[in-house]
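Notebook open, model loaded. I want to go through the contacts, the overall form and the surface, and jot down what I find.

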Amino acid sequence: MADTSDIRTPAQIEADIKRRREVLAETLDEIGVRVHPKTIVGDARAKVVANIDHTVGRAYVQVNRVVSEVRAQFVDEEGAPRLERVVPVALVAVGVVGLLALGTRRRKG
(Lines give C-alpha, C1' and ligand atoms only; values in the text may rest on other atoms or scores of the structure.)
Protein backbone atom coordinates (compact mmCIF):
# COMPACT_ATOMS: atom_id res chain seq x y z
CA MET A 1 0.00 0.00 0.00
CA ALA A 2 1.14 3.52 -0.74
CA ASP A 3 1.79 6.02 2.03
CA THR A 4 -0.97 8.63 1.77
CA SER A 5 0.10 10.75 4.76
CA ASP A 6 2.08 13.15 2.50
CA ILE A 7 -0.51 13.71 -0.17
CA ARG A 8 -1.05 17.43 -0.73
CA THR A 9 -3.51 19.25 -2.86
CA PRO A 10 -2.34 21.48 -5.72
CA ALA A 11 -3.38 24.53 -3.67
CA GLN A 12 -1.16 23.40 -0.79
CA ILE A 13 1.73 22.83 -3.17
CA GLU A 14 1.24 26.30 -4.68
CA ALA A 15 1.12 27.86 -1.20
CA ASP A 16 4.35 26.07 -0.26
CA ILE A 17 6.02 27.25 -3.46
CA LYS A 18 4.85 30.82 -2.83
CA ARG A 19 6.12 30.73 0.79
CA ARG A 20 9.46 29.29 -0.35
CA ARG A 21 9.83 32.00 -3.01
CA GLU A 22 9.22 34.70 -0.38
CA VAL A 23 11.86 33.17 1.90
CA LEU A 24 14.32 32.99 -1.01
CA ALA A 25 13.55 36.60 -1.96
CA GLU A 26 14.31 37.73 1.60
CA THR A 27 17.55 35.75 1.58
CA LEU A 28 18.59 37.29 -1.73
CA ASP A 29 17.80 40.76 -0.38
CA GLU A 30 19.98 40.10 2.68
CA ILE A 31 22.81 38.85 0.47
CA GLY A 32 22.45 41.95 -1.71
CA VAL A 33 22.74 44.19 1.33
CA ARG A 34 25.74 42.29 2.71
CA VAL A 35 27.73 42.46 -0.53
CA HIS A 36 26.85 46.07 -1.31
CA PRO A 37 30.01 48.22 -1.40
CA LYS A 38 28.65 50.67 1.18
CA THR A 39 27.93 47.82 3.58
CA ILE A 40 31.40 46.35 3.09
CA VAL A 41 33.04 49.74 3.64
CA GLY A 42 30.86 50.38 6.69
CA ASP A 43 31.75 47.00 8.19
CA ALA A 44 35.45 47.58 7.55
CA ARG A 45 35.24 51.04 9.09
CA ALA A 46 33.44 49.64 12.14
CA LYS A 47 36.17 47.03 12.61
CA VAL A 48 38.88 49.69 12.38
CA VAL A 49 37.09 51.90 14.89
CA ALA A 50 36.62 48.94 17.24
CA ASN A 51 40.33 48.10 16.99
CA ILE A 52 41.29 51.73 17.62
CA ASP A 53 38.94 51.89 20.60
CA HIS A 54 40.45 48.69 21.96
CA THR A 55 44.00 50.00 21.46
CA VAL A 56 43.18 53.36 23.04
CA GLY A 57 41.52 51.59 25.96
CA ARG A 58 44.58 49.43 26.53
CA ALA A 59 46.86 52.49 26.27
CA TYR A 60 44.68 54.35 28.79
CA VAL A 61 44.92 51.46 31.24
CA GLN A 62 48.69 51.29 30.79
CA VAL A 63 49.15 55.05 31.28
CA ASN A 64 46.87 54.97 34.30
CA ARG A 65 48.98 52.16 35.78
CA VAL A 66 52.22 54.10 35.20
CA VAL A 67 50.77 57.27 36.73
CA SER A 68 49.63 55.28 39.76
CA GLU A 69 53.10 53.77 40.15
CA VAL A 70 54.78 57.19 39.88
CA ARG A 71 52.28 58.68 42.30
CA ALA A 72 53.06 55.88 44.76
CA GLN A 73 56.73 56.93 44.62
CA PHE A 74 55.96 60.52 45.63
CA VAL A 75 52.91 60.13 47.91
CA ASP A 76 52.52 57.94 50.98
CA GLU A 77 49.47 55.79 51.83
CA GLU A 78 47.75 58.69 53.56
CA GLY A 79 48.12 61.01 50.57
CA ALA A 80 50.84 63.20 52.05
CA PRO A 81 53.83 64.01 49.81
CA ARG A 82 57.07 62.16 50.51
CA LEU A 83 59.40 65.11 50.91
CA GLU A 84 62.52 62.93 50.82
CA ARG A 85 61.62 62.15 47.18
CA VAL A 86 59.82 65.32 46.08
CA VAL A 87 62.53 67.81 47.11
CA PRO A 88 65.41 66.21 45.12
CA VAL A 89 63.26 65.85 42.01
CA ALA A 90 62.12 69.48 42.31
CA LEU A 91 65.75 70.64 42.70
CA VAL A 92 66.81 68.68 39.61
CA ALA A 93 63.90 70.13 37.63
CA VAL A 94 64.78 73.69 38.68
CA GLY A 95 68.43 73.03 37.78
CA VAL A 96 67.55 71.72 34.32
CA VAL A 97 65.24 74.67 33.63
CA GLY A 98 67.95 77.06 34.85
CA LEU A 99 70.57 75.48 32.59
CA LEU A 100 68.23 75.68 29.63
CA ALA A 101 67.49 79.32 30.39
CA LEU A 102 71.21 80.13 30.62
CA GLY A 103 71.89 78.25 27.39
CA THR A 104 69.30 80.23 25.44
CA ARG A 105 70.62 83.56 26.83
CA ARG A 106 74.16 82.77 25.72
CA ARG A 107 73.01 82.01 22.17
CA LYS A 108 71.14 85.30 21.88
CA GLY A 109 74.00 87.45 23.17
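Predicted model: local features only at pLDDT ≥ 70, side-chain atom pairs only at ≥ 80, totals over all residues.

**Entry 1: a pair in helix 1**

I started with arginine 19 and aspartate 16, which both sit in helix 1 (residues 10-34), three residues apart, about one turn of the helix. Helices here are DSSP runs of H or I with at least four residues, strands are runs of E with at least two, and numbering goes from the N terminus. Residues are numbered from 1 along each chain as its sequence is written, and side-chain values use heavy atoms, with hydrogens and water left out.

The two side chains form a salt bridge, with the closest N and O atoms 3.9 Å apart. The rule I used asks for a side-chain nitrogen of Lys or Arg within 4 Å of a carboxyl oxygen of Asp or Glu.

**Entry 2: the other salt bridges**

How many salt bridges does the rule give? The count comes to three. Aspartate 16 also pairs with arginine 8, and there the closest N and O atoms are 2.2 Å apart. I then looked up glutamate 77, whose side chain meets that of arginine 82 in a salt bridge at 3.8 Å, N to O. Shared partners join Arg8, Asp16 and Arg19 into one network.

Next I checked accessibility, with buried meaning under 20% relative accessible area, exposed over 50%, and partly exposed in between (1.4 Å probe, protein chains only). Aspartate 16 has 26% relative accessibility, so it counts as partly exposed. Arginine 8 is partly exposed as well, at 41%, and arginine 19 gets that label at 49%. Glutamate 77 is exposed, because its relative accessible area is 76%.

**Entry 3: the whole chain**

I zoomed out. The chain has three helices and zero strands, and the order from the N terminus is α-α-α. Why call the chain more spread out than a compact globule? Its radius of gyration is 36 Å, well over the 13 Å that the globule rule gives for 109 residues, so the chain is more spread out than such a globule. For the record, that radius is taken over C-alpha atoms, and the rule is 2.2 Å times the number of residues to the power 0.38.

Along the principal axes, the C-alpha trace spans about 110 × 45 × 20 Å. I also looked up burial: buried residues make up 1% of the 109 residues. The chain exposes about 10,200 Å², and carbon and sulfur atoms supply 62% of that. Areas come from the Shrake-Rupley method with a 1.4 Å probe, and for residues only the protein chains shown count as cover.

**Entry 4: charges and patches**

The chain carries 18 positive and 15 negative charges, and their mean positions are 16 Å apart. Lys and Arg count as positive, Asp and Glu as negative, and His and the chain ends are not counted. Each charge is placed at NZ of Lys, CZ of Arg, CG of Asp or CD of Glu.

For patches, I took residues with over 30% relative accessible area and no salt bridge, joining like charges within 9 Å and nonpolar side chains (Val, Leu, Ile, Met, Phe, Trp, Tyr) within 5 Å. Which residues make the negative patch? Glu22, Glu26, Asp29 and Glu30 form it. Glutamate 30 belongs to helix 1 and is partly exposed, with a relative accessible area of 45%.

A nonpolar patch of about 390 Å² turned up too, made by Leu28, Ile31, Val35 and Ile40. Leucine 28 is in helix 1, and at 59% relative accessibility I logged leucine 28 as exposed.

**Entry 5: a few distances**

I finished with C-alpha separations. Leucine 28 and arginine 8 are 20 residues apart along the chain, and their C-alpha atoms are separated by 28 Å. Valine 49, located in helix 2, is partly exposed at 43%.

Arginine 58 lies in helix 2 (residues 37-74) and is exposed, with a relative accessible area of 57%. How far apart in space are arginine 58 and lysine 18? They are 53 Å apart, C-alpha to C-alpha, and 40 residues apart in sequence.
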